[in-house]
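Me: I would like a close look at one part of this model. Please take the place where the two chains meet, then follow on into what lies around it.

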Amino acid sequence: MTLSHTAPPSVLFSADYYQNPYPTLAWLREHDPVHEFRFPVGDVRTWIVTRYDDVRTVLADPHYSVEGGTWGSAEFREAGLVSAAGTILERGIAVVDEPQHTRLRKLAMGAFTTRQVEQWRPTVHDLVRRTLDACALRGSFDIMDDYAGEVSAGVLGEILGLRIDRHRELVSALNDAFPSDPARMHRVPDAFNRICEYAAELVAEKRQRPADDVTSHLIEASADGDRLSQDELVGMVAALIMGGSDTVRGFIGNAVLALLDHRDQRERLLESSVSAADAVEELLRYEGALTTALFRVTTEPVTLAGAILPAGAPVIAALLSANRDPRRFTEPDRLDITRTGPRHVGFGHGLHNCIGAALARMEATIAVPALFERFPDLALATQRHQIRYIDNWAIRRLAALPVSVVPAG
Amino acid sequence: MAITARVDRDLCRGTGLCTVMASDLFTLDDDGLAVVRPEYAAETVPLSHLHDVADCCPTGAIRLTEEDDRP
């Protein structure tokens with residue numbers, strides 16, 4: 001394929017782009033690394049940043065704020081692009097700057113450190129085993145719904161205390177909360193309200209009947225005599241629901257597809273010549289669950305890689321692109337689970353890096369190898385070209401991944 | 001009272017959180033993992049803030065040691 005020098009191969013956030021964003025991201029990295037375009041929702045003047053170093057700058061430099069309601073341009077705010085505007089989530093952990101962010105993070109972090117997460121390992125193993133048993137009975141099944149979805153919903157259930165029957169409606173609320181289609185913007189406020197309502201119910205339930213789960217832990221959490229207020233608690237639980245519902249599911253799907261596409265890598269993993277943890281890091285780099293981080297907005301005019309951005313400029317950091325930047329990674333489009341070297345930004349970077357990363361890593365490190373160990377002949381149950389990604393600008397997730405446990409034919 | 005900050009490189013995942021919260025003290029090396037700057041002077045960072053950074057680290061990789069100055 002020849003890349004044109006005047007325009008990216010497919011228009012950002014178009015149907016073609018969602019199916020294969022990599023040629024467009026490669027073109028942008030090469031020709032226009034801080035690219036100005038019109039965000040489809042509200043036709044808002046927006047910049048997308050695609051090189052590794054620049055993505056890290058946007059995520060680390062305090063001139064790029066997560067508080068869209070405070071610093072965003074008028075057109076950004078008027079287009080309804082401020083996440084969760086008008087709900088308690090507008091002051092949630094993912095969308096507040098310092099000093100408030102540190103306070104919230106300190107109170108919540110205790111539940112998610114690597115050490116804390118380790119104690120849930122047997123729970124995750126057990127859940128994965130039971131889910132595999134159910135898949136074995138089916139013979140052919142959908143990785144997204146029947147495996148990755150079951151495992152991630154099960155973990156949220158056991159660890160957050162979330163009731164599993166509510167999980168599907170939450171995923172639908174989430175899809176409504178971050179629409180890629182301007183025609184669906186009217187559903188956004190209701191979607192955030194539904195997520196907050198559910199979080200409030202969960203907090204009330206756990207106040208009455210505390211258990212050994214993250215929600216109960218957050219209710220009890222204190223640091224230096226400080227505690228979360230009721231609104232902060234509900235906002236935190238809502239943020240964890242939003243961060244954990246579709247991402248782990250999406251990543252397990254991407255990882256399974258990558259290993260189905262690369263038999264040699266799958267064999268290496270099963271031979272245990274590479275640790276599952278190292279393999280998962282490379283799979284996170286190769287295709288993580290997020291195409292982009294949440295919006296940043298500039299607090300004053302800034303210069304980035306030669307481009308001048310005005311104050312209030314909405315900036316999108318393309319994580320998927322940073323992880324495929326040849327300036328940072330050798331042969332970035334090649335999956336190589338033996339790869340070592342630079343860190344990927346699949347979980348973001350800086351202050352707002354994923355708080356649930358240790359848990360997500362543990363889930364994937366257990367669930368991905370276990371699938372191929374249980375079903376060594378696992379194969380696609382559809383044509384490769386029929387595998388589709390959802391139309392979403394921020395989340396990189398397969399719509400469905402039908403597989404069969406016995407070879408076709 | 002002297003305080004020493006160390007990064008446990010087996011635990012660090014290079015999230016960059018400490019380098020944003022206390023850029024005078026921490027930086028990312030070529031491997032993308034956090035290191036304490038060689039010219040580090042912990043007293044330039046308020047003690048409570050150092051504890052904040054350690055508490056916020058997602059992998060618990062920052063170790064603070066407080067010692068009496070007395071011989």
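Reply: Start with polar pairing across the interface. Between chain B and chain A there are six residue pairs in polar contact, both residues at pLDDT 80 or more. A polar contact is a pair of N or O atoms within 3.5 Å; within protein, one must be able to donate a hydrogen and the other to accept it, and residues adjacent in sequence count only if both atoms are side-chain atoms.

A word on the source. This is a predicted model, where local features need pLDDT of at least 70, side-chain atom pairs count only at pLDDT 80 or more, and totals for chains, interfaces and linings use all residues. Residues are numbered from 1 along each chain as its sequence is written, chains are lettered from A and ligands numbered from 1 in the order in which they are written, and side-chain values use heavy atoms, with hydrogens and water left out.

Now the charges. Two salt bridges join chain B and chain A. A salt bridge is a side-chain nitrogen of Lys or Arg within 4 Å of a carboxyl oxygen of Asp or Glu. Lys106(A) pairs in this way with Asp52(B), and their closest N and O atoms are 2.6 Å apart.

On chain B, α1 (17-21) and α2 (47-56) each supply at least two residues of the side that touches chain A. Helices here are DSSP runs (H or I, at least four residues), as are strands (E, at least two), numbered from the N terminus. That side of chain B divides into eight nonpolar, five polar and five charged residues. Ala, Val, Leu, Ile, Met, Phe, Trp, Tyr, Cys and Pro count as nonpolar, Asp, Glu, Lys and Arg as charged, and the others, Gly among them, as polar.

Next, the extent. Chain B brings 18 residues to the contact and chain A brings 20 residues. Contact means heavy atoms within 4.5 Å. The buried area between chain B and chain A is about 1,600 Å², with 57% from carbon and sulfur atoms. In chain B, Arg13(B), Val20(B) and Pro58(B) lose the most area to chain A, together 33% of what that side buries. Buried area is the accessible area (1.4 Å probe) that two parts lose on being put together, summed over both.

Then chain A itself. The structure holds 37 salt bridges over all chains. One of them pairs Glu75(A) with Arg38(A), with the closest N and O atoms 3.9 Å apart. This pair links distant parts of the chain: Glu75(A) is in helix α5 and Arg38(A) in strand β1 (residues 34-39), 37 residues apart.

Two backbone details follow. The peptide bond between Glu98(A) and Pro99(A) is cis, with omega about 0 degrees. Pro99(A) sits in the loop between α5 (74-78) and α6 (100-109) of chain A. Phe13(A) is a residue other than glycine with a positive phi, near 60 degrees. Phe13(A) lies in the segment before α1 (15-19) of chain A.

Last, a helix pair. The axes of α14 (residues 247-261) and α16 (residues 276-287) of chain A come within 10 Å and cross at roughly 100 degrees. α14(A) is therefore roughly perpendicular to α16(A), a label for angles of 65 to 115 degrees. Axes are lines fitted to C-alpha atoms, for helices over the stretch in contact, and angles run from 0 to 180 degrees between N-to-C directions.

Methods: Angles under 35 degrees count as roughly parallel, over 145 as roughly antiparallel, 65 to 115 as roughly perpendicular and the rest as oblique.
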